[in-house]
Number of protein chains: 2
Amino acid sequence: MQIVHQIESLRQLIKANRAANPAVRIGFVPTMGFLHRGHASLLEAARKECDVVILSIFVNPLQFGPNEDLERYPRDEERDMAIARETGTDIVFFPQVSEMYPKPTRTMVSVSGVTERLCGASRPGHFDGVATVVTKLLNIVQPDKAYFGMKDAQQVAVIEQMVYDLNIPVTIVPCPIVREEDGLAMSSRNVYLSEEERRQALVLSAALEEAESLLEARKETISPEQLRQTVVRHIQSAPLADIDYVELLSYPDLAPVDFWGSDERIIIAVAVRFGATRLIDNRILHAPVASLSHS
Amino acid sequence: MQIVHQIESLRQLIKANRAANPAVRIGFVPTMGFLHRGHASLLEAARKECDVVILSIFVNPLQFGPNEDLERYPRDEERDMAIARETGTDIVFFPQVSEMYPKPTRTMVSVSGVTERLCGASRPGHFDGVATVVTKLLNIVQPDKAYFGMKDAQQVAVIEQMVYDLNIPVTIVPCPIVREEDGLAMSSRNVYLSEEERRQALVLSAALEEAESLLEARKETISPEQLRQTVVRHIQSAPLADIDYVELLSYPDLAPVDFWGSDERIIIAVAVRFGATRLIDNRILHAPVASLSHS
């Protein structure tokens, strides 16, 4: 496994790989480090489908708001490298901020529409920062496939929109959410949680699971808003849960769903604070067939 | 010479070229068509330096304002193809609007700083449209070098900034302004001019030339603002000239120059309407060495 810190060294390595085998398939997993089994699943998917697997670790200041957790974002280089090795990663790109932003960027990539709700509303500028750094990384690595976890479902929607609109020559591969045994979605931020917060945070996956069962059992009689409300109530049953949002939208368009209509897939997405820690989770469901009489 | 209308066909052609010769150098000249000797000079530069020369012709709606000349922008496909052939172009990419924008784009690339003055101020949104379509075209063609004319000096500054910020793997090659015998900068829009407007439009190149001579002769005693004013007065001597802007800025930063300081290069850039036709021209000069006593 090679670890490179400079863009130019990475480009040379990739060029050498492409020169050695013009048909080489390069898989790319961009991360902010502090890897968990969710990231490992992305690296494993890339390992299965590609000849060269490249992991990037970069905590991108551009996607953090002024009052967010940039400074305290958790880091563990040693463990990250161990996970990279275990999953058969070939190259780790681990740049400093000064390498990615030698000067403050004057160029921003912005995606509208899919960024207006959910985390786009709660974290202004966040997805501009994500879109811009992912564009930079894709231009540096020029991978055939790039892997993203569905825990950040809106991020996947934003990046797929951007790749489509800008004709970026890459295939985006969304990968399923990986959960702890008890259901909590894997997140680098889970480490912030106190024992009691960690216990109560299970309410997120439980509420989403309940919503799915409810939709299956009562799809003819429950409206989108009623379904959303059951998730809200379920989460509120945890005293430490401070809801940022609970939304039910079409996926991947992320538009409001007032009644079960033509959208095949819906997402129920939640962002909830436990103490200072903001967790997100979601479930993508097949919407019931349109049934206007029950809207 | 091959003419392709579909993105996918173009990608296949380029892929075949790269497969046949992994060291192939691809040169790209993006244009809006109605080619003149200025465009021909870009194609010739690409021909000299590259193995495969690709010309794109696309009148990009995204970079035109609501009251601009999108509808009447001049077109002459036959002559364009003749010029492409004469200059040894290998591939012409000539997409429809529906091919480049199958749906309205939700993703925009924006460059700040260098877009705040000159045409960026006169044409709000123009450079977002340019940056976005150039990003798309660079992603489709993936050239080694891309050629742009210095008549649109601000466009060159915007694209160089964008390529730097987004790590786009391409070398931007700025090419000198090509002029008619009498000094008028080549432009597709010159065709709009009446005979009298055409005659008076010579004031632009004449005023810029005068400014250069003046700077050389009096560089110790003339301030940037005095120099700018001589250009304004010279242009105002043409009765049909309606000045949009005359600015003297640092290049390529495009920041105000209040006194001759550390900027090595300055640009004097003008945009002037003759009737309904808006023409631009510029000259990049070496600024005098700092001489604070004469500011």
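A polar contact here is a pair of N or O atoms within 3.5 Å; within protein, one atom must be able to donate a hydrogen and the other to accept it, and residues adjacent in sequence count only if both atoms are side-chain atoms. By that rule, 16 residue pairs (both at pLDDT 80 or more) are in polar contact across the interface of chain B and chain A. This is a predicted model, in which local features need pLDDT of at least 70, side-chain atom pairs count only at pLDDT 80 or more, and totals for chains, interfaces and linings use all residues; side-chain values use heavy atoms, with hydrogens and water left out. Residues are numbered from 1 along each chain as its sequence is written, while chains are lettered from A and ligands numbered from 1 in the order in which they are written.

**Where chain B meets chain A**

- Contact means heavy atoms within 4.5 Å, and 29 residues of chain B are in contact with 29 residues of chain A.
- Buried area is the accessible area (1.4 Å probe) that two parts lose on being put together, summed over both; for chain B and chain A this comes to about 2600 Å², 46% of it on carbon and sulfur atoms.
- Salt bridges (a side-chain nitrogen of Lys or Arg within 4 Å of a carboxyl oxygen of Asp or Glu) number zero between chain B and chain A.

**The strand pair between the chains**

- Strands are DSSP runs of E with at least two residues, helices are runs of H or I with at least four, and both are numbered from the N terminus.
- Two strands pair if DSSP finds at least two bridges between them; β5 (residues 107-111) of chain A and β5(B) do so in the antiparallel sense over five bridges.
- Within this pairing, A:Val109 has B:Val109 as its bridge partner in β5(B).

**The two domains of chain A**

- On the domain 1 side of chain A, 22 residues are in contact with 21 residues of domain 2 of chain A.
- About 1900 Å² is buried between domain 1 and domain 2 of chain A, with 54% from carbon and sulfur atoms.
- A:Arg72, A:Arg117 and A:Leu118 lose the most area on the domain 1 side, together 32% of what that side buries.

- Two salt bridges cross the interface of domain 1 and domain 2 of chain A.
- A:Arg117 and A:Glu247 join their side chains in a salt bridge (3.3 Å, N to O).
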